[in-house]
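Dear colleague,

Please find below the structure that I am handing over to you, followed by an account of what was found in it. I would ask you to keep the structure open while you read.

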Amino acid sequence: MDEMTSVSQTPEEDQNPKGMAWELYSWLREIVICIAIITTVFVFFVRLVSVSGWSMFPTLNDGDKVALISNFISQDYDQGDIVVLLQERFKNEPLIKRVIATAGQTVDIDYVNGVVYVDGQALEESYVAAPIHVQGTIELPATVPEDCIFVLGDNRNESADSRYVQIGMIDTRQVMGEVIWVVWPFSSIGKPEMGVWGES
């Protein structure tokens with residue numbers, strides 16, 4: 001009376017291969033979506049750029065990596081902002097400079113005393129490596145045209161910038177974006193020093 005037909009238990013993992021395939025598909029789909037979101041963010045909103053050279057020393061060093069807000073979001077730049085430019089004459093190599101004046105403002109430089117003036121007011125520039133004494137080739141004073149900015153490197157005497165006719169006033173359409181954060185090296189992570197017009 002104790003004899004009963006015994007039914008073997010099939011292990012759970014062997015019972016539904018279609019379910020395992022669906023689970024694998026779901027994982028792959030999530031990974032693809034994540035990659036697409038990250039790619040979109042880094043193409044249209046935030047970009048990473050490597051600093052090449054010493055024209056922004058001591059604020060930025062050669063080899064630093066910075067994050068910038070893309071010009072896809074905004075092309076409105078203020079005095080003191082640090083921006084990344086692309087120009088054909090430099091083979092579209094990124095140039096990192098500081099905005100000194102914007103459209104309608106007049107720039108003048110006293111190379112003897114190393115002072116930069118915007119609209120007749122001397123700038124307080126704690127971020128520069130040394131006062132500006134190397135003279136450029138553009139005629140000053142000069143008023144910044146509409147939709148343009150005037151930029152200088154913080155390492156004033158070792159920087160190719162708007163002082164020179166080869167660069168001149170920068171059309172804002174040539175700006176890749178505004179630097180918002182130093183991401184490398186770890187010892188320098190944080191917001192770079194802004195001008196007297198921004199937050200320190």
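Pro 141 lies in the loop between E7 and E8. Please bear in mind that the model is a predicted one.

Is Gly 136 buried or exposed? Its relative accessible area is 14%, which is under the 20% limit, so Gly 136 counts as buried. Leaving aside residues up to four places away in sequence, Gly 136 touches Tyr 111, Arg 163 and Tyr 164. Gly 136 and Tyr 164 are 28 residues apart in sequence, yet their C-alpha atoms are 5.1 Å apart in space.

Most residues other than glycine have a negative phi. Asp 119 lies in the loop between strand E6 (115-118) and E7, while Asp 147 is found in the loop between E8 and strand E9 (148-152). Asp 119 is partly exposed at 47% relative accessibility, and Asp 147 is partly exposed with a relative accessible area of 47%.

For the chain as a whole, there are one helix and 11 strands. From the N terminus on, the order of elements is α-β-β-β-β-β-β-β-β-β-β-β. The chain has 200 residues, of which 36% are buried. Among contacts between residues at least 6 apart in sequence, 62% join residues at least 24 apart.

Ala 67, in strand E2 (residues 65-70), is an example of a buried residue, with a relative accessible area of 8%. Apart from residues up to four places away in sequence, Ala 67 touches Val 46, Arg 47 and Leu 48, as well as Glu 178, Val 179, Ile 180, Trp 181 and Val 183. The C-alpha atoms of Ala 67 and Val 49 are separated by 6.5 Å, the two residues being 18 apart along the chain.

Turning to the aromatic rings, the count comes to one aromatic pair. The rings of Trp 54 and Phe 57 have their centres 5.9 Å apart and their planes at 70°; this angle is over 60 degrees, so the pair is edge-to-face. Trp 54 is partly exposed at 47% relative accessibility, and Phe 57 is partly exposed at 33%. Elsewhere, the charged end of Arg 98 sits over the ring of Tyr 127, 3.7 Å from the ring centre.

Finally, the largest pocket holds about 250 Å³ of space. Among its 16 lining residues, the closest to the centre are Ser 52, Ser 55, Pro 94, Leu 95 and Ile 96. Strand E1 (46-50) and strand E4 (95-102) each supply at least two residues of the lining, and the largest share, three residues, comes from E4. By class, the lining has eight nonpolar, five polar and three charged residues.

Yours sincerely,
A colleague

Technical notes. Residues are numbered from 1 along each chain as its sequence is written. This is a predicted model: local features need pLDDT of at least 70, side-chain atom pairs count only at pLDDT 80 or more; totals for chains, interfaces and linings use all residues. Side-chain values use heavy atoms; hydrogens and water are left out. On a 1 Å grid over the protein atoms alone, a cavity is a set of points where a 1.4 Å probe fits but cannot get out, and a pocket is an open set with protein on both sides within 12 Å along at least five of seven lines; lining residues have an atom within 4 Å of a point. Grid points are joined across faces, edges and corners, and a volume is the space filled by probe spheres set on the points. Helices (H or I, at least four residues) and strands (E, at least two) are DSSP runs, numbered from the N terminus. Ala, Val, Leu, Ile, Met, Phe, Trp, Tyr, Cys and Pro count as nonpolar, Asp, Glu, Lys and Arg as charged, and the others, Gly among them, as polar. Rings of Phe, Tyr and Trp (its six-membered ring) pair if their centres lie within 6.5 Å; planes under 30 degrees apart count as stacked, over 60 as edge-to-face and the rest as tilted. Buried means under 20% relative accessible area, exposed over 50%, partly exposed in between (1.4 Å probe, protein chains only). A charge sits over a ring if NZ of Lys or CZ of Arg is within 6 Å of the ring centre and within 35 degrees of the ring normal. Contact means heavy atoms within 4.5 Å.
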